[in-house]
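Here's a quick tour for anyone opening this structure for the first time. Have the sequence and the 3D view side by side as you read.

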Amino acid sequence: MKILFVSMNSIHFQSWANQLKDSGHEVYWFDILDAGKKEAKLYWMNQITNWKLKLNFPFRYFIKKSLPKLYTFIKRYNENDTVSVFEKKLLEIQPDVVHSFALQISCIPILSVMQKHSNFKWIYSSWGSDMYYSKEIGISKSDLEACLKRINFLITDCKRDYKIAQQKGFNNTFLGDFPGNGGIIFNENDIKYNIEERDVILIKGYNDAIGKGINIVKAFTENLITLLNDYEIIIFGADKEVENYIKSSIVFAKLNYKLYTKTKFIPNEELILIMGKSYVYIGNSYSDGIPNALLEAMGMGAFPIQSSPGGATSEVVEHSKNGLLISNPDDINEIEGLIHSALTNKKMVNEALVINTKIIKDKYERGIMRSKILKIYEGIN
């Protein structure tokens with residue numbers, strides 16, 4: 001089978017795509033944002049990159065950074081049209097199926113082409129906020145409904161989003177809910193099963209229009225200090241607001257912490273190792289599907305404290321049993337109380353570790369997921 005992926009280059013896309021390596025399928029990838037170079041981790045597939053610029057002229061990066069208005073003007077004449085290039089590649093390749101990842105980035109830009117060539121089958125993988133927070137992230141109702149009407153097959157990362165898609169007009173084939181990264185590799189030797197040996201509090205520091213990491217770090221008040229003496233607090237993916245708050249915080253000055261900003265990238269393999277020795281993992285946002293980081297943390301035994309927009313997280317976390325759910329991402333007092341509960345209720349945390357390491361591996365372990373993912377493509381005719 002010929003498969004044409006349409007996606008930006010991301011760690012989750014790479015992870016999903018690599019499930020098809022050595023599968024016998026002929027795989028192509030159209031880098032929709034065009035990073036301008038091939039991806040070494042996807043060396044085995046046919047990569048369509050470096051297509052956007054007509055001329056990669058000298059000092060282009062300097063002008064883009066220093067003279068944005070001039071660069072915007074030049075762009076109008078120096079960039080190839082996405083629709084035209086994609087249509088040309090689509091007709092050249094003649095794939096059995098096109099598979100787009102994320103609505104705003106990889107479906108809407110090629111919608112007109114897929115509507116024009118309706119004979120090509122189209123899979124859409126909904127990630128994160130595509131369905132639940134579509135209006136807030138700038139997806140128009142007309143674009144959303146047009147995409148859902150045209151796509152033949154839908155994959156979501158939570159059950160919630162299939163229901164939303166149906167409400168918004170999708171009535172074709174649902175292929176199931178899968179983690180966006182296509183499964184997780186768990187190494188038993190990296191998991192500390194004795195919670196007394198777990199000495200890390202791990203925080204997802206994303207803070208933007210959707211992520212609310214700032215409210216997590218603000219929840220670390222004087223009331224928690226005595227409970228945190230034996231833990232190292234690790235914040236990853238921190239935005240500038242989170243970084244500035246922590247560095248100016250009287251509370252964090254008394255704590256043992258390590259900060260990884262968005263510019264100080266922490267490899268996923270290293271992050272998973274940290275999860276294997278984390279007592280608690282905390283994530284907070286206005287919108288998401290079921291976050292890959294949450295599943296990784298649970299599978300590695302970290303006790304999850306996580307927001308549950310639209311009930312997505314409650315599909316894998318039962319409050320006060322195998323984790324704690326944040327009902328209001330803006331309620332700092334609530335988050336503080338949940339952290340206090342986790343730090344003081346070791347019986348709950350220990351029982352959750354046993355539950356989560358089993359159920360997450362049974363459902364999301366990469367080897368198990370691969371056979372299910374390959375069946376998706378084998379079943380398309």
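Is Leu-224 buried or exposed? Leu-224 is buried, with a relative accessible area of 0%; buried means under 20% relative accessible area, exposed over 50%, and partly exposed in between, using a 1.4 Å probe and protein chains only. A word on the ground rules: this is a predicted model, where local features need pLDDT of at least 70, side-chain atom pairs count only at pLDDT 80 or more, and totals for chains, interfaces and linings use all residues. Residues are numbered from 1 along each chain as its sequence is written, and side-chain values use heavy atoms, with hydrogens and water left out.

**Around Leu-224**

- You'll find Leu-224 in the loop between α9 (213–218) and β9; helices (H or I, at least four residues) and strands (E, at least two) are DSSP runs, numbered from the N terminus.
- Not counting residues up to four places away in sequence, Leu-224 touches Ala-219, Glu-336, Ile-339 and His-340, where contact means heavy atoms within 4.5 Å.
- Leu-224 and His-340 sit 116 residues apart in sequence, and their C-alpha atoms are 6.9 Å apart in space.

**The sheet**

- Six strands make an open, parallel sheet, in the order β10-β9-β8-β11-β12-β13; two strands pair if DSSP finds at least two bridges between them.
- β10 (257–261) and β13 (324–326) are the edge strands, each with a single partner, so one side of each has no neighbour in the sheet.
- On average, neighbouring strands of this sheet are turned by 15° against each other, direction ignored; axes are lines fitted to C-alpha atoms, for helices over the stretch in contact, and angles run from 0 to 180 degrees between N-to-C directions.
- β8 (residues 200–204) and β11 (residues 278–283) pair in the parallel sense over four bridges, and Ile-201 stands opposite Val-280 in β11.
- Helix α10 (residues 240–248) packs on the sheet, touching β9 (232–238) and β10, and its direction makes about 155° with that of β10.

**The cores**

- The largest nonpolar core has 37 residues, and Ile-201, Phe-220 and Ile-305 touch the most other members; such a core is a set of buried Ala, Val, Leu, Ile, Met, Phe, Trp, Tyr and Cys residues joined through side-chain atoms within 4.5 Å.
- Helix α13 (residues 332–344) gives the most to this core, with five residues.
- Leaving aside neighbours within four places in sequence, the contacts of Phe-220 include Ile-201, Leu-228, Phe-252 and Ile-339.
- A second, separate core of 31 residues includes Tyr-28, Trp-51, Ile-110 and Trp-122.

**Helices that cross**

- The axes of α12 (residues 292–299) and α14 (residues 346–364) come within 7 Å and cross at roughly 125°, while those of α13 and α14 come within 5 Å and cross at roughly 80°.
- α12 and α14 are therefore oblique to each other, and α13 and α14 are roughly perpendicular; angles under 35 degrees count as roughly parallel, over 145 as roughly antiparallel, 65 to 115 as roughly perpendicular and the rest as oblique.
- Where α12 meets α14, Leu-295, Met-298 and Gly-299 face residues including Asn-356, Ile-360 and Tyr-364.

**Two loop residues with positive phi**

- Asp-22 has a positive phi of about 65° although it is not a glycine; Asp-22 lies in the loop between α1 (11–17) and β2 (26–31) and counts as exposed at 70% relative accessibility.
- Ser-320, in the loop between β12 (303–307) and β13, has a positive phi of about 70° and is partly exposed, with a relative accessible area of 44%.
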